[in-house]
Amino acid sequence: MANRVWRNARLATMAGEGIGVIADGLVAAADGRIAYVGPAASAPAFPGAEVIDCEGRWITPGLIDCHTHLVHGGNRAGEFAARLEGASYEEIARAGGGIVSTMRATRAASEAELISQSLPRLDALLAEGITTVEIKSGYGLSLDDETKMLRAARALGCERDVRIATTFLGAHAVPPEFAGNADGYVDALVDHMLPAVAESGLADAIDAFCEGIGFTPAQTERVFAAAAAHGLPVKLHAEQLSPLGGASLAARHGALSADHLEHATDDDVAAMREARTVAVLLPGAYYFMRETKLPPIAALRAAGVPIALATDCNPGTSPLTSPLLVLNMAATLFRLTVVEALRGMTINAARALGLADEIGSLEVGKSCDLAIWSIEDPAELVYRIGFNPLHSRIRNGR
């Protein structure tokens, strides 16, 4: 049985290896889930179902943005101007800018204001085929403000038809009230903030910023131990600015993903391979920060580490709300293939969220989240710049 059928379509299912092309395909949905996907010639009859003629368009799984900081107050255009004049990201952060600057704006905003400011960013993602978005906290840095951010993120899923995955990033920066006392802040984080967030049910995962201007590996490990005690999976901002072994640490803790990875080593890659930790690459931040050290793409590829892509939408280092541009950047800057790029924002992005059994590919039983494109070849999604060929976005079969 099915209540809606898309016919006369070309499918890129992302099932198995490659992109899973079916030339004359059909997708049927029942109660929001895929009831059939495959060749039209093999499809059963679906009496009474609404039939949509796709007129030869391509259908992919709905795109997934698995790493964003979408909810925040204010912007950091002034810091961007300062960097153009020669200031480094670390210099700006140590002078009270950076994450702490956004913290002040986020603390000053009400929950309703955060929702209002975030909706245009979310709408931009949805307009390019996104059906699932991960949203991190990390700009409140107090229990009240972090939970305010997480509530705002969850509310966005009520304002728009989109799946929201929330991540508690309390270990993003040391707030001013703990200046010079990072260990004291970590104490507060693991003893009070994280348990309260876990009890509230507002977070699907825990993240941290393991970096010289963030938290040490030892401090990060304390956060991960607290997450495990509360049954929450972990992920990590790792090896963005320096090689601290964060990716290996994340892998040892069975992390869903390690993200950024410009300075990841062969040991990190090996650890991620063993743990099946996903490498989330963020070409928007690489571009915006004018980085020159590439992530170890060849090593990740050779080791079979799943590679995901995301916008890293945030006000300081990647004010990017175009998943299609991410696909092109991944190909042009990181030399990913078309297949790697497309899998990076579908099935591998689902893996990075621990949701590969639910979304990310066109397979029977999964949520019927589709993106329907007016293109002649899936490579166009990676090749074009500043062009959006989305015809329609389907979420839960609607």
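**Close-up views of a predicted model**

**View 1. Surroundings of Thr346.** Beyond its neighbours within four places in sequence, Thr346 is in contact with Met14, Pro61, Gly62, Leu63, Ile64 and Gly360, where contact means heavy atoms within 4.5 Å. The structure is a predicted model, in which local features need pLDDT of at least 70 and side-chain atom pairs count only at pLDDT 80 or more, while totals for chains, interfaces and linings use all residues. Residues are numbered from 1 along each chain as its sequence is written, and side-chain values use heavy atoms, with hydrogens and water left out. Thr346 lies in the loop between helix 13 and helix 14 (347-352); helices (H or I, at least four residues) and strands (E, at least two) are DSSP runs, numbered from the N terminus. With a relative accessibility of 1%, Thr346 counts as buried; buried means under 20% relative accessible area, exposed means over 50%, and partly exposed lies in between (1.4 Å probe, protein chains only). Between the C-alpha atoms of Thr346 and Trp373, which are 27 residues apart along the chain, the separation is 15 Å.

**View 2. Packing of helix 6 with helix 7.** Helix 6 (residues 182-200) and helix 7 (residues 217-229) pack with their axes 10 Å apart and at an angle of about 5°. Axes are lines fitted to C-alpha atoms, for helices over the stretch in contact, and angles run from 0 to 180 degrees between N-to-C directions. Helix 6 and helix 7 are therefore roughly parallel to each other; angles under 35 degrees count as roughly parallel, over 145 as roughly antiparallel, 65 to 115 as roughly perpendicular and the rest as oblique. Helix 6 contributes Ala182, Asp183, Val186, Asp187, Leu189, Val190 and Leu194 to the contact, and helix 7 contributes Gln219, Arg222, Val223, Ala226 and Ala227. By class, this contact of helix 6 with helix 7 comprises eight nonpolar, one polar and three charged residues. Here Ala, Val, Leu, Ile, Met, Phe, Trp, Tyr, Cys and Pro count as nonpolar, Asp, Glu, Lys and Arg as charged, and the others, Gly among them, as polar.

View 3. Phe178, Tyr185 and Phe215 are linked into a cluster by ring pairs. Five aromatic pairs are found in a search of the whole structure. Rings of Phe, Tyr and Trp (its six-membered ring) pair if their centres lie within 6.5 Å; planes under 30 degrees apart count as stacked, over 60 as edge-to-face and the rest as tilted. Elsewhere in the model, the charged end of Arg384 sits over the ring of Phe387, at 4.2 Å from its centre. The criterion is that NZ of Lys or CZ of Arg is within 6 Å of the ring centre and within 35 degrees of the ring normal.

**View 4. Cys54 and Asn8.** Cys54 occupies the loop between strand 4 (50-53) and strand 5 (58-61), and at 3% relative accessibility Cys54 counts as buried. Leaving aside neighbours within four places in sequence, the contacts of Cys54 are Trp6, Arg7, Asn8, Ala9, Ile59 and Ile372. Cys54 and Arg7 are 47 residues apart along the chain, and their C-alpha atoms are separated by 5.9 Å. Asn8, placed in strand 1 (residues 4-12), has a positive phi of about 55° although it is not a glycine. Asn8 is partly exposed, with a relative accessible area of 30%.

**View 5. Asp31 in a loop between strands.** Asp31 is placed in the loop between strand 2 (21-30) and strand 3 (33-39). Although it is not a glycine, Asp31 has a positive phi of about 50°. Asp31 counts as exposed, at 72% relative accessibility.

**View 6. Ala109 in a loop between helices.** Ala109 is found between helix 3 (99-108) and helix 4 (111-126), in the loop, and counts as buried at 7% relative accessibility. Apart from neighbours within four places in sequence, Ala109 is in contact with Leu114, Gln117 and Lys148.
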